Amino acid sequence: MQRPPPPEDYSLKETSPHLGGGGVTGDKLTSTYDLVEQMQYLYVRVVKAKDLPAKDVTGSLDPYVEVKLGNYKGTTRHFEKKTNPMWNQVFAFSKDRLQASQLEVTVKDKDMVKDDFVGRVMFDISEVPKRVPPDSPLAPQWYRLEDRKADKVKGELMLAVWMGTQADEAFPEAWHSDAATVSSEGLANIRSKVYLSPKLWYVRVNVIEAQDLLPGDKTRFPEIFVKVILGNQALRTRISQSRNTNPMWNEDLMFVAAEPFEEHLVLSVEDRIGSNKDEVLGKCVIPLQSVERRLNNKVVNTKWYNLEKHVIVDGEKKEIKFASRIHLRICLDGGYHVLDESTHYSSDLRPTAKPLWKSSIGVLELGILNAQGLLPMKTKDGRGTTDAYCVAKYGQKWVRTRTIIDSSTPKWNEQYTWEVYDPCTVITIGVFDNCHLHGGGDKAGGAKDSRIGKVRVRLSTLETDRVYTHSYPLLVLHPSGVKKMGEVQLAVRFTCSSLLNMLHIYAQPLLPKMHYLHPLSVTQLDNLRHQATQIVSMRLSRAEPPLRKEVVEYMLDVDSHMWSMRRSKANFFRIMGVLGGLIAVGRWFDQICNWKNPLTTILIHILFLILVLYPELILPTVFLYLFLIGVWYYRWRPRHPPHMDTRLSHADNAHPDELDEEFDSFPTSRPADIVRMRYDRLRSVAGRIQTVVGDLATQGERLQSLLSWRDPRATALFVTFCLIAAIVLYVTPFRVVAFITGIYVLRHPRFRHKLPSVPLNFFRRLPARTDSML
């Protein structure tokens, strides 16, 4: 058996990065960039040109600008036949990679054979001015073009050249020297970007009744139901119990919709006339823009809608030949929080309707510094390479860093900020490999961005106003087992604006009030969450650059509900870990009762006597004991945020077949013999669970049979005992009873015997309903 890797490989490491530039030179970044390391860039903004000379035989000019610094070269787009072009493009050259002392900005004429030289402007790097935000942007200036001999020629170029940092406004949209190999089509896919999730609403459709329906076959009792479609979501009511042409349902159907509303609500009343055959009795289309929005559980007014045989086509309404109608109550429920994440890792718990939002309690700041030791994710030119970028998600705001090309140690040094409304939320940071650098792969079946790893940080585990700088292991589960893909270095700070407001939130319900006043079933919530994640991933994949479906689904833990033997084992041992404390207390008490340590047992006797004599001290003693335990544990409180734990997840010793089953598609794509083996294994596990559940049911039924007279002798004995106990306890002081009971329980082993006690013997003889089971 292969030994597991040493645990320190998967551990969290505290780091000491040089945040905010350190203020050594006085060129400190603004406060918005104090959680990242300062990175110096040479910026060149090419604005426009004028009076450029013609170069072609035809007397025209197709100008573009080439910005060259050492081996790095960036070019603007070219214009057809234009002597006064305007580009307004920015180029950024990392100071770490500067290989020359002079910057060359050349205007050229695009030609079929060889591009012609028009003129150039030269800059000495040491003379370039420095700009630090919040200084205003450097004003561009006109520069006269020179030829290769430094003589002035016709034409002028408007430029601005300065040294700055990643805090510069020009940074996100600039062309970067480390992305020189990326095609112009792929440039959009490597830029940093902030995205917002669409605003999601629950749509409640209460189908009440229909009137004056006209089924095709009037000789039979109709079996009528209503089918409601919203985009890709389709739900139907049960078949009405009233088998006539005025059916009733009074049934709620729930959907998810996103603003801006693009799909209409389509209802069709149908009659089941065969096993797989339904007749449409009428349809109606309802635009969501016209639907009432409610913020609480007040009753929405109902409305009658006319049913038509044909839906509106090309804006023309077909002639209505009958007067069937349907009675509905439709509303957009703004009092719920639309769950699009796993409930365990929610980053936002606010309701949809903005008027119901509470004020924010603080600010979360995240500095995405760098990554170390990333494994090659793909092969290019015969060698392994990684083009890494990060995505962070908290609340409705997603951020994506720029892609660092071909580096196993990428440095992003980008900082982002979120408002915090609830401390019991989680920020998720994922690292991905960009597979769309050359503009391809956007079509269906194209390349997908590979996942490198993910980090979750729960805000409630952070101390306020403290900067946490740690290197997190990037762990990914593969069919071959858990694998460390590298490490990502983050700086996190949670700043609280009001401690009282934050403490008050701990007494508030986790979800908005509507979840408790008008709760949704677990099945409904699962289905609605699936629809919500589909809508979010579809909308974000349509942005530019797109946040792709595979990225969004990985960040939202879309497959967390799928069966996994590994996850089931991990959850079982988590339960055992929780129960371990109770089991330990039980063992300790058993040692007290058996006088394993006589001194401790005598002290417990004394404590027991004090509590019997002064029962009013019981609750204060319990709470004082809990207080002392909490104060004692404060010395060993966690100093670091939690991170992915391979042992807790049972990922480090999972069986290969269990992992293969976890990565199997749904429905399965494995051969029949493997599926049969897994089915048999699942049956054996389920059989053990079935036995445990049956044993629990048996104990409960035995309790019920104490008074049910199923066993007349046992019930008679128990009832007689209850009468005698009532009389004895009535005439005996409670302290005496408690004292005798305690002394009996804590009696010395010399007065004990190993046989079960009389009450236990009596309980085990009681009947259960197992005799009636087939």
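Reader: What should I keep in mind about the model before reading its values?

Author: The model is predicted, so local features need pLDDT of at least 70 and side-chain atom pairs count only at pLDDT 80 or more, whereas totals for chains, interfaces and linings use all residues. Residues are numbered from 1 along each chain as its sequence is written, and side-chain values use heavy atoms, with hydrogens and water left out.

Reader: How many helices and strands are in the chain?

Author: Helices (H or I, at least four residues) and strands (E, at least two) are DSSP runs numbered from the N terminus, and the chain has twelve helices and 30 strands. Its radius of gyration, taken over C-alpha atoms, is 36 Å, well over the 28 Å that the globule rule (2.2 Å times the number of residues to the power 0.38) gives for 774 residues, so the chain is more spread out than a compact globule.

Reader: Where is Leu307, and is this residue buried or exposed?

Author: Buried means under 20% relative accessible area, exposed over 50%, and partly exposed in between, with a 1.4 Å probe and protein chains only. Leu307 lies in the loop between strand S19 (303-306) and strand S20 (325-333), and at 1% relative accessibility it counts as buried. Its C-alpha atom is separated by 8.9 Å from that of Leu267, 40 residues apart along the chain. Of the 774 residues of the chain, 40% count as buried.
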